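Morning, everyone. I have one structure to go through today, so please look at the screen.

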Amino acid sequence: MRPIRYRLTLMMMILIGLSMLGAGMAMANVFKDSHIDLQEENMRREINLIQAMMDFPELTGEEAVSYYTDKSKQLRTLADARLTFISKDGVVIGDSESDPSRMDNHLSREEIIQAKAEGMGSIIRYSSTIGEDMIYVALPVKEDGFDGFIRLSMSLKTVDQGVRQGWTVMGGGLIILFVIAAFVSYRVAASMTSPLEKITSVARRITKRDYDARVQLNRKDEIGQLSLAINAMADSLQTQLKTIRDNEDLLQSVLNNMTGGILLLSYDGNIVLINRAAEEMLGIKADHVIGKSYRELRQHYELTKLIEQGLEHRNQIHEERSLYFPVESIVRLDGVAMVQDDGAYRGMLFLLQDVTDIRRLERMRSEFVANVSHELKTPLAAVKGFAETLLGGVQDEKTSRSFLQIIYDESERLNRLIRDILELSKIESKRIAMEYSPIHLSTFFESLMELMQPAADHKKIGLQIQVPEELFMEGDEDKLRQIFTNLLSNAINYTQEGGRVQLTVREIHMIDHGEAVEFIVKDSGIGIPKKDLPRIFERFYRVNKSRSRSSGGTGLGLSIVKHLVDLHHGSIRVESELGMGSSFIIEIPLLQEND
Ligand code: ADP
């Protein structure tokens, strides 16, 4: 499409061109006419002059013809025109160009008829004698010796030449004028269309989502109104879009920050939306599955089955399923059919909740209850059995005493068990508050060693500590004491007589926690089989039940230690070789962040 400004310019040019052409032609005509009039007038005057200048002797016949022929030839140069003398009866008696005897009677010539009738005849006609357009002017002349017409004729060539010259000048002027007009009309057209072009370009930018585009026009007319309207439209689009974007952002951030997974399927089973939590739970990327069928989730076979059911029956779903990818987990699925306001079915909305931890805790709790009752039952059965025997009587004093000793030991054991269970449940339920204070480690361990020394001496075990004199750390002193009492008693318990137990403390740099303290409790005892290593921090887990029991263990010590280390934001691990001894390595940050 040609821009409107060119079409407008073209139209204006055609109009200007046509009117200039018309005016030019009219002017040329007027020019020609006036030129001819002037010529006629000149010729008339020349005839009058000739009449006045010439003698008209009384001559007849051949004499007259030769006289007037001569005269006409003489005067021809003067008048610069063909001169003809015609007698009253139309016979040519002298002509400057032709032989009069060969010329026909001129009475029927129009200029003569006119001259006769009106006193002057003038006509333009093609002369076959000369072969050009000629202007003829004839006047009736009546003198003593002449009664007839004097006629002058001139070629129109000179007139035409004049006209042509006029045309050249005028045409040149017209062309210059035309160029100026073209320029002016282009400017006019441009000034009319350029605001429209501006508005169009802004509208185009807005279509291409450039909502900052505005029309910059300072006009009060209709075009100014139009640009104001377009700017207002862009303003309102911008605000509306911002509202939509804000809402979208809000919705997006709600969806992405939810702990529950959201999965939205269209009525034909295509995945419409999936949030970050669902992505993580299902081990997929939204970009890969959006717009595709739910069957893309086929690695979750049971889940796909459920979705299929939901889509088919459009009923509510509340189920739990195990997922095996990307990690093994248990997911609760709540599905509802989504229905539009007009009742149309839109698809299914699924909420996915990872209930792995809840289920594991539940399982652990029931296992714990079972374990606890089992652990309590054994000493209780012993107490009950021996008490019954004693009540039955007939034992000698020594046996009775040993029975009473067993009852005492078992109730002591029960006591320890109950204390440890209570302690553990307190720690696990996070009901205990941490009381941090700066601890001078060498003082701390010296007093702890004094407590442990009797048990070590009893088994002739060498107890060594190595603590940097100047080292301080932040921690809950009671809980740290509990940790090391447990570890050191274990080390003494599970080491043969004459063995060695060593505690080393040093400052280290932990990658993610900065400065930290490392504690190593190392013994030369019986060690722990490789297969048991991963489990010894579990509650009630014991490598050798009877050995632990005989040494008074409850199977809860390391579990408590692990929890207490966790409370200090630290870590614990064990290295051991069967028969060679064990090392428990603890790392705790030097400073505790308040949480
Ligand atoms: P217990 O009260 O039985 O000692 P713990 O939780 O303290 O319970 O320890 C769990 C088990 O880990 C123990 O029964 C024992 O088999 C093993 N164990 C703990 N410390 C050591 C050690 N220093 N050397 C060898 N085995 C150990």
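Predicted model: local features only at pLDDT ≥ 70, side-chain atom pairs only at ≥ 80, totals over all residues.

Residues are numbered from 1 along each chain as its sequence is written, and side-chain values use heavy atoms, with hydrogens and water left out.

What surrounds the ligand? The shell has 19 residues, and the closest are Asn490, Tyr494, Ser548, Thr554 and Leu558; a residue counts as near if one of its heavy atoms lies within 4 Å. By class, nine are nonpolar, eight polar and two charged. Here Ala, Val, Leu, Ile, Met, Phe, Trp, Tyr, Cys and Pro are nonpolar, Asp, Glu, Lys and Arg are charged, and the others, Gly among them, are polar.

Now the polar contacts, meaning pairs of N or O atoms within 3.5 Å. The side chain of Asn490 puts an N or O atom 2.8 Å from a ligand oxygen. For Asp523, a side-chain N or O atom is 2.9 Å from a ligand nitrogen. Thr554 uses a backbone N or O atom, 2.8 Å from an oxygen of the ligand. Taken alone the ligand exposes 530 Å², and the protein buries 97% of that; these areas are Shrake-Rupley values with a 1.4 Å probe.

Next, salt bridges: a side-chain nitrogen of Lys or Arg within 4 Å of a carboxyl oxygen of Asp or Glu. The count is 33. One of them joins Arg151 and Glu111, with the closest N and O atoms 2.7 Å apart. Arg151 is in strand 5 (residues 147-155) and Glu111 in helix 3 (residues 110-118), so the pair ties together parts 40 residues apart in sequence. Helices (H or I, at least four residues) and strands (E, at least two) are DSSP runs, numbered from the N terminus.

Last, the backbone. Phe325 and Pro326 are joined by a cis peptide bond, with omega about -5 degrees. Phe540, a residue other than glycine, has a positive phi, near 65 degrees.

Terms used
Polar contact = N/O pair within 3.5 Å; in protein donor to acceptor, adjacent residues only side chain to side chain.
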